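Please walk me through this structure, step by step.

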Amino acid sequence: MRTHLAPVTAEPTAADLAAIDAEWPLIAAELDVLDAEITLIYAEDHSGPTELDWRRVRRAEARVTRAATETTARTDPRRAA
């Protein structure tokens, strides 16, 4: 059975855009992890991942942790220092 969805006609509000902007560092860091993981998958088919490939994954994961902490501190007033 097919469900037809109505097209989106509303533009994002200023609050929506501000929320995206506030979370963008975390989104970008998560995209870096995804990119590093894709590189690992590709490397499996070609001579295997290198130490540099694994280091890239670890660094990207560390960026996610830092970005998540910073995002939480900015958006949760109870956590602001």
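Is Ser-47 buried or exposed? Ser-47 is exposed, because its relative accessible area is 83%; a residue counts as exposed over 50%. Keep in mind that this is a predicted model. Ser-47 sits in the loop between H1 and H2. Its backbone also deserves a look. Phi of Ser-47 is near 55 degrees, a positive value in a residue that is not glycine. Most residues other than glycine have a negative phi.

Helix H1 covers residues 14-44, which makes 31 residues. At 1.5 Å a residue, H1 should span 45 Å. Its end C-alpha atoms are 44 Å apart, so the length agrees. H1 does bend, however. The bend is about 50 degrees and falls at Trp-24. A proline, Pro-25, follows within four residues.

H2 has 25 residues. From first C-alpha to last it reaches 36 Å, close to the 36 Å expected at 1.5 Å a residue.

In H1, the buried residues are Leu-26, Ala-29, Val-33, Ala-36, Leu-40 and Ala-43. Look at how these numbers step along the helix. An α-helix has 3.6 residues a turn, so residues three or four places apart point the same way.

H2 has its own buried set: Asp-53, Val-57, Ala-60, Val-64, Ala-67 and Thr-71. This set includes Asp-53 and Thr-71 along with Val-57 and Val-64. The cover over the buried residues of H2 includes H1.

Trp-54 is in helix H2. It counts as partly exposed, because its relative accessibility is 39%. Setting aside neighbours within four places in sequence, Trp-54 is in contact with Leu-40 and Pro-49. Leu-40 is one of the buried residues of H1. Trp-54 and Val-64 are 10 residues apart in sequence and 16 Å apart in space, C-alpha to C-alpha.

Ile-38 is found in helix H1. Ile-38 and Val-57 are 19 residues apart in sequence, yet their C-alpha atoms lie 9.9 Å apart in space. Val-57 belongs to the buried set of H2. Ile-38 itself is partly exposed, because its relative accessible area is 47%.

Turn to the charged pairs. Side chains of opposite charge can pair when their charged atoms come close. How many salt bridges does the structure hold? It holds 3 salt bridges.

Start with Arg-63 and Asp-32. Their closest N and O atoms are 3.6 Å apart. Arg-63 lies in helix H2 and Asp-32 in helix H1, so this pair ties together parts that are 31 residues apart in sequence. Arg-63 is partly exposed, with a relative accessible area of 29%. Asp-32 is partly exposed too, at 35%.

Then take Arg-56 and Asp-35. Their side chains meet in a salt bridge at 2.3 Å, N to O. This pair also links distant parts of the chain: Arg-56 is in helix H2, Asp-35 is in helix H1, and they are 21 residues apart. Arg-56 is partly exposed at 35% relative accessible area. Asp-35 counts as partly exposed at 37%.

The remaining pair is Arg-58 and Glu-51. Their side chains meet at 3.0 Å, N to O. Arg-58 is partly exposed, with a relative accessible area of 45%. Glu-51 counts as exposed, because its relative accessibility is 54%.

Finally, look at the surface. Which residues form a nonpolar patch there? They are Leu-17, Ile-20, Trp-24, Leu-31, Leu-34 and Ile-38. Together they have about 590 Å² of accessible area. Two of these names have come up before. Trp-24 marks the bend of H1, and Ile-38 is the partly exposed residue of H1 whose C-alpha lies 9.9 Å from that of Val-57.

Key:
Residues numbered from 1 in each chain as written. Predicted model: local features only at pLDDT ≥ 70, side-chain atom pairs only at ≥ 80, totals over all residues. Heavy atoms only, no water. Helix = DSSP H or I, 4+ residues; strand = E, 2+ residues; numbered from the N terminus. Expected span 1.5 Å × (residues − 1). Bend = angle between axes of the 7 residues up to and from the residue. Buried < 20%, exposed > 50% of the residue type's maximum accessible area, 1.4 Å probe, protein only. Salt bridge = Lys/Arg side-chain N within 4 Å of Asp/Glu carboxyl O. Patch = residues over 30% accessible without salt bridge, like charges linked within 9 Å, V, L, I, M, F, W, Y side chains within 5 Å. Areas by Shrake-Rupley, 256 points an atom, 1.4 Å probe, with all protein chains shown as cover. Contact = heavy atoms within 4.5 Å.
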